[in-house]
Amino acid sequence: MTAWVHGFGGGVVSSDADKATLGGKGFNLAVMAGLGIPVPPGFTLTTDVCRHTIAHAGAYPDGVRAEVDAALRVVEAATGTRFGDAQNPLLVSVRSGAPISMPGMMDTVLNLGLNDTTVAALAAATGSPRFAWDCYRRFVAMYADVVLGVVAPDDHSASPFERLLEDARSHHGVDKDSDLPESALRELVTAYKAEVKTATGHAFPEDVTDQLWGAIGAVFRSWGNPRAETYRRINGISSAMGTAVTVQAMVFGNLGEDCATGVAFTRDPALGTRALYGEFLVNAQGEDVVAGIRTPESIDTLATVMPAAHAELTAVCARLEAHFGDMQDVEFTIQRGTLWMLQTRTGKRTARAMIKVAVDLVNEGVLDRAAAIRRIDPARLDEVLHPTIDPKARPKAIGKGLPASPGATIGRVVFSADDAQAWQAKGERVLLVRTETSPEDIHGMKAADGILTARGGMTSHAAVVARGMGKCCITGCSGLRVDGARQRMTLGDLTIKQGDTLTLDGSTGEVFLGAAPLIPAKVSGELAELMTWVDEVRRLRIRTNADTPTDAITARAFGAEGIGLCRTEHMFFQPERILAVRQMILAKDEAGRRAALVKILPMQRDDFAAIFRAMDGLPVTIRLLDPPLHEFLPHTDHDMAEVAAELGESIENLRATVVELTEANPMLGHRGCRLAITFPEIYEVQAQAIAEAAALVAAEGVVVHPEIMIPFVFTPKELARLRGQVAAVVDRVLGAAGATIPYLVGTMIELPRACLVADQIAHHADFFSFGTNDLTQTTFGLSRDDVASFLPTYLETDLIPSDPFVALDQEGVGQLIKIGVERGRATKPGLKVGICGEHGGEPSSIAFCHRIGLDYVSCSPFRVPIARVAAARAALDGGTP
């Protein structure tokens with residue numbers, strides 16, 4: 001028989017009640033109770049109940065109400081109170097808790113059980129009528145928002161309850177809610193209820209059982225709210241798991257000056273240093289801290305204000321970290337000097353902290369190296385590999401707040417989540433500026449490069465979510481005034497409008513006007529130590545896609561073991577070179593093309609020599625010219641006139657050539673090896689440049705390993721012909737130079753047919769490199785340049801699990817690669833095989849490449865460390881292929 005409800009507060013979680021059933025919150029509360037840590041008693045409705053309500057239009061399973069009633073009786077007995085009692089009432093919180101933490105994305109209701117009768121009983125029991133009415137006005141506002149849907153009319157407006165509260169503070173001449181007198185709180189409750197009646201047409205519910213089931217239903221429904229769905233989509237969380245709901249006896253941090261509430265981390269979530277980190281507010285409830293409405297105090301101050309509670313909290317945090325073996329994020333309340341723990345969970349952290357905590361836990365003897373590597377999310381390493389502000393050219397800051405999430409970023413200011421998303425979709429880098437963020441801003445926070453808020457602390461919603469996303473974030477910026485309705489902000493004497501550019505430094509909390517100078521990141525400290533462990537474990541080699549010596553040097557500093565893709569066409573677009581390329585294209589015959597290629601030869605030779613020097617001792621795979629020739633020609637009238645003048649051609653002749661070369665579907669047209677089949681001299685000159693560069697640098701003492709890659713083949717005869725032509729040129733040049741330099745000639749597999757006839761192609765190839773960008777296009781029948789109009793719909797409606805241009809389609813494209821590898825190696829067992837598309841830096845794609853036995857992946861320079869970690873995790877999780 002299914003148990004829909006599980007209690008806690010008495011010890012041990014039953015063997016069948018795991019985190020998937022109880023959710024993270026309910027499971028960890030039960031664990032804490034079992035460890036003897038002070039936890040208010042309560043019970044959890046399982047994720048099974050959530051899934052049942054989704055499948056049955058909100059209806060609950062048979063028996064669940066009886067189980068909730070029985071669980072309530074247990075909580076009443078443990079607390080000596082009665083739910084709805086006129087003398088000694090039990091108040092409860094109703095909170096969400098998914099198996100995977102989703103901070104702030106679902107709903108919570110506090111102080112549930114208050115009505116016009118029980119508020120008087122609470123006042124008498126506590127001896128504080130002001131406290132009782134403060135709880136009541138909080139409850140009415142929260143319940144009306146979460147359960148009854150009484151919310152702000154738009155993104156820039158305050159909720160009706162915030163507006164009424166602001167009016168009350170103004171009327172009574174106070175700045176803080178805690179300074180409002182009891183009479184004001186009574187008036188607010190009356191005003192709040194009137195607002196509910198106006199908005200809904202119904203009176204606020206007085207029956208506490210109705211309140212409870214209304215809140216439980218609302219929290220279950222919040223699993224499907226837009227912000228939760230967005231968060232799951234961003235973080236790859238399944239919507240099928242559902243959320244649990246935890247009902248727990250209230251403890252109060254707002255009873256007076258000997259009470260407090262707070263959030264703490266067992267280590268610094270931004271930097272990873274081993275020290276208790278967090279914030280608290282005296283005489284407050286939990287939402288005051290996380291919502292950022294009041295700026296809290298550092299947890300260190302608690303040692304002075306409430307030393308006994310601080311000492312106990314420190315001891316509890318140490319026990320929890322030791323038990324779970326990872327940094328914990330805890331919520332606590334101190335009621336009249338007594339500490340109560342309300343939650344523990346694995347703490348969200350920046351990538352920098354992720355690395356440091358994992359390395360430190362190994363050095364502290366808590367984890368082994370394999371476990372530490374598994375703790376690293378490879379995709380998040382991108383956060384620590386971005387530039388920082390150049391300390392030698394640091395401008396003067398115009399403002400300063402709390403450094404909530406590190407890193408530096410530059411962007412244009414926007415004041416709403418919707419604008420952030422819209423501007424980002426148009427290619428703009430934006431900074432989301434808000435008075436404070438709320439869970440409804442999640443889509444805008446994802447779109448923004450950085451977040452700046454006027455209010456809030458280091459554990460506010462903005463800070464926690466930004467750290468989880470790896471976004472630069474500054475909270476509680478002193479002097480910042482945000483006018484979202486007028487799309488502007490003021491900082492000191494400066495007025496900054498929507499679209500203006502700012503730079504944020506999330507490591508110091510400083511704000512700069514305009515774009516500050518940035519410098520690249522380095523692999524050092526704990527990251528360098530982690531990478532030594534990673535390299536001991538992984539089997540896949542990691543190369544880089546690099547077209548310039550600068551890219552090559554950057555990638556090598558990040559640990560690249562060679563170049564897997566050097567795109568020669570990128571070298572042609574420089575202004576001083578494009579004229580020679582255009583002369584080649586416009587030539588009437590082979591002689592004219594060769595005359596132009598004579599000019600191109602030394603340019604290419606110098607490029608290759610510089611790259612060979614940068615990659616001394618490592619392989620360099622050079623792809624011969626791939627794109628259609630018309631891409632090098634002008635298209636606007638202005639450019640046509642300019643080029644015609646440069647080349648001494650008439651505009652009419654130039655325009656006719658452009659028309660002649662322009663194709664209906666250039667992706668599948670006259671490109672790649674097809675260019676060399678019709679114009680062999682193009683690849684011959686490129687091969688000559690490669691060989692001359694290799695001989696030149698070898699004479700300097702550079703160890704060079706050239707690999708020449710012929711792209712876009714679909715028949716083995718193409719490769720056989722072109723390999724012969726290329727090898728003849730290389731052998732001639734090296735022979736003339738007296739140089740003995742081993743080299744390889746291989747092919748880029750980009751077409752489904754090439755995968756299927758790979759056994760035949762392998763006869764003529766020293767290596768295969770799968771170009772997964774084009775292979776994805778040709779397998780799906782999609783143009784990567786044209787999918788933006790419909791692919792988002794496919795993703796949002798779950799027609800496909802992920803963007804196939806981001807994560808390799810393992811069922812389709814992946815199977816073609818697998819076939820190509822197997823057939824190629826059946827012909828040539830030692831055939832070297834890799835991939836060089838954008839997928840080479842994506843963790844799930846790298847894991848697939850490991851499983852099917854590829855030798856290497858190649859990715860952009862800044863993704864090299866990501867690929868190294870992903871390859872190590874693949875080796876740990878999947879073993880040797």
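Predicted model: local features only at pLDDT ≥ 70, side-chain atom pairs only at ≥ 80, totals over all residues.
**Entry 1: salt bridges overall**

I searched the whole structure for salt bridges and got 51. I then looked up several of them one by one.

**Entry 2: Asp107 and Arg227**

I looked up Asp107 and found a salt bridge to Arg227, with 2.4 Å between the closest N and O atoms. Asp107 sits in the loop between strand E5 (92–97) and strand E6 (108–112), while Arg227 belongs to helix H9 (residues 226–235), so this pair ties together parts 120 residues apart in sequence. I checked burial for the two residues: Asp107 is buried, and Arg227 is buried as well.

**Entry 3: Arg543 and Glu707**

Next I took Arg543, whose side chain meets that of Glu707 in a salt bridge at 2.9 Å, N to O. I placed Arg543 in strand E26 (residues 541–545) and Glu707 in strand E29 (residues 705–711); the pair therefore ties together parts that are 164 residues apart in sequence. Are these two residues buried or exposed? Arg543 has a relative accessible area of 5%, so I logged Arg543 as buried. Glu707 comes out at 3% relative accessibility and also counts as buried.

**Entry 4: Arg613 and Glu700**

I found a salt bridge between Arg613 and Glu700, the closest N and O atoms lying 2.8 Å apart. Arg613 is in helix H21 (residues 590–614), and Glu700 is in the loop between helix H25 (680–699) and E29; this pair links distant parts of the chain, 87 residues apart. For accessibility I noted 38% for Arg613, which counts as partly exposed. Glu700, with a relative accessible area of 44%, is partly exposed too.

**Entry 5: Asp326**

Where is Asp326? I located Asp326 in the loop between helix H12 (307–324) and strand E11 (328–335). What does Asp326 contact, leaving aside its neighbours within four places in sequence? I listed Thr266, Glu321, Thr346, Arg349, Val357, Leu361 and Arg375. With Arg375, I noted a polar contact of 3.5 Å between the side chains.

Methods: Residues numbered from 1 in each chain as written. Heavy atoms only, no water. Salt bridge = Lys/Arg side-chain N within 4 Å of Asp/Glu carboxyl O. Helix = DSSP H or I, 4+ residues; strand = E, 2+ residues; numbered from the N terminus. Buried < 20%, exposed > 50% of the residue type's maximum accessible area, 1.4 Å probe, protein only. Polar contact = N/O pair within 3.5 Å; in protein donor to acceptor, adjacent residues only side chain to side chain. Contact = heavy atoms within 4.5 Å.
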